[in-house]
Amino acid sequence: MKSYDVAVIGSGPGGYVAAIRCAQLGMKTAIIEKYSTLGGTCLNVGCIPSKALLSSSHHYEEATKHFEEHGIEIPGEIKVNLEKMIARKQAVVDQTTGGIDFLMKKNNIDVYEGLGAFKDATHITIEGKDAGEIEAKNTIIATGSKPSNLPFISIDKERIITSTEALKLKEVPKHLMIIGGGVIGLELGQVYRRLGAEVTVIEYMDRILPTMDAGLSKELNKVFKKAKCSMMVSHKVQSVERNGDEVVVKAENKKGEVVEFKGDYCLVSVGRRPYTDGLNAEAAGVKLNDRGQVEVNEHLQTNVSNIYAIGDVVKGAMLAHKAEEEGVFVAETLAGQKPHIDYNLIPGVVYTWPEVAAVGKTEEELKEAGTEYKVGQFPFRALGRARASGDIDGFVKILADKTTDEVLGVHMIGARCADLIAEAVTAMEFRASAEDISRYSHAHPTFAEAVKEAALAATDDRALHV
Ligand code: FAD
């Protein structure tokens, strides 16, 4: 039986990054993945394929709606070839997961294909292509998550679907109904709206993106409405039934009335649940909590001292970069280092267009905590760069402590915000004040100037271009 310093179960961004860092630090490392491709949800059916489809559909929208204003004329009709678009997405996924195979080889990590299950706290059995058993001094559980569902919905994966099926549809829906106005529902909703589907978003809470700053929800809601999506907030779904090719969704509105929606596809995007099926955690004595997450302490260690858990299967934001940070954290902990993660500084991003991104506290959270703060906000439309490219929607909002001027939260919606948020994270990591940001140079003309201007606005209402 082969013996390892560390075995990682699950090869998503948490697991494969943990394995690489363990190997870099000199540990003999194995990774076990039940599917034939590495990369987990993120690379196979999450971050990467959704961004590929968002990019393709964005090009289509640009070509059909915006080329003309730029003086670009295309003779003849511009058409979507969905089969080709999905095939391109798959090629991007294949190339990316292939890259992980390369990284495993480069770092001398042994890859086992099969379902990993604990036999006890130091032995793991593998069922599948590489069936067998390995011994591991330490194990990192990185088994991720699966789409969750409402108890009364039966997902048939044809017409009543999850994000996994929505990434490989064979036709553009005529009317796509989306249950859940969170990140995944909105991103996929925008893809199919751009491709010509009628889209209805049905959200239980009183706004889309309910965990983000309310200003961002409001602005993105406006963008979706402008694109003629029906945004049904404060609607509690009661039933989803399929009759042939038609799906009927019934939901109760604020007034207690039952409203009926009919369409040809219904995407259920009501969140994700931690995944430990088949792991046999109890054989190792590892405790799960009542939400099905693997219980961990502040070192991401389970109740069994040589077993750790990271990523979507533990508490916290279900995000690829959070899982990656945790993978590095556990590897460095095992190597005797003292790593650190500031969970307040894990940014959240929605890759719609305009993009939405945030880090730190929201206004709602600051109010609740009784923190006195000031706000500096700057609209993209006031920037030369935004007008040059025609991306004028949105704003950057900086929240700073009223007394110390320390930046407490940055919330933005607009072009390229997914990348711009990195500046806010850096500034907050080094505990910058709003004035600090306002005093270093930002290249002109760039979208990043909105960050500087918002910082100026937060400092002393000193924005220069509004
Ligand atoms: P996962 O990526 O879920 O990987 C877990 C792996 O473990 C899987 O490959 C699974 O097969 C394997 N596994 C499970 N049990 C076993 C077992 N017993 N034995 C062997 N293998 C096992 N996040 C972002 O940050 N940005 C985004 O843009 C983004 N977009 C998304 C879009 C969609 C449509 C979806 C669904 C998710 C998106 N996410 C995004 C979330 C992101 O994918 C997850 O947060 C991330 O993948 C979690 O990583 P992980 O390593 O914890 O688990």
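This is a predicted model: local features need pLDDT of at least 70, side-chain atom pairs count only at pLDDT 80 or more; totals for chains, interfaces and linings use all residues.
Biologist: Happy with that! In what order do the 3 strands of the open sheet come?
Modeller: The edge strands, each pairing on one side only, are β12 (236-243) and β14 (258-263). The twist from one strand to the next averages 20 degrees. With antiparallel pairing, the order is β12-β13-β14.

Biologist: Now the ligand: which residues come nearest, of the 37 around it?
Modeller: Several elements give two or more residues to the shell around the ligand, among them α1 (13-24), β2 (29-33) and α9 (320-334). By class, the shell residues divide into 17 nonpolar, 17 polar and 3 charged. Those that come nearest to the ligand are G10, G12, G40, G144 and G311.

Biologist: And the largest nonpolar core: which of its 136 residues touch the most other members?
Modeller: In soluble globular proteins, nonpolar side chains tend to be buried together. Here the residues touching the most other members of the core are A7, A18, C266, I310 and I398.

Biologist: Let's take I310: which residues is it in contact with, leaving aside neighbours within four places in sequence?
Modeller: I310 is among the core residues that touch the most other members. Contact here takes C-beta atoms within 7 Å. On that basis, the partners of I310, leaving aside those neighbours, are G14, A18, I140, A142, L300, A323, E326, G327 and V330.

Terms used. Residues are numbered from 1 along each chain as its sequence is written. A nonpolar core is a set of buried Ala, Val, Leu, Ile, Met, Phe, Trp, Tyr and Cys residues joined through C-beta atoms within 7 Å. A residue is buried if 20 or more other C-beta atoms lie within 10 Å of its own, exposed if 12 or fewer, and partly exposed in between; C-beta atoms are placed from the backbone. Two residues are in contact if their C-beta atoms, placed from the backbone, lie within 7 Å. Two strands pair if DSSP finds at least two bridges between them. Helices (H or I, at least four residues) and strands (E, at least two) are DSSP runs, numbered from the N terminus. Axes are lines fitted to C-alpha atoms, for helices over the stretch in contact, and angles run from 0 to 180 degrees between N-to-C directions. A residue is near a molecule or strand if its C-beta atom, placed from the backbone, lies within 6 Å of it. Ala, Val, Leu, Ile, Met, Phe, Trp, Tyr, Cys and Pro count as nonpolar, Asp, Glu, Lys and Arg as charged, and the others, Gly among them, as polar.
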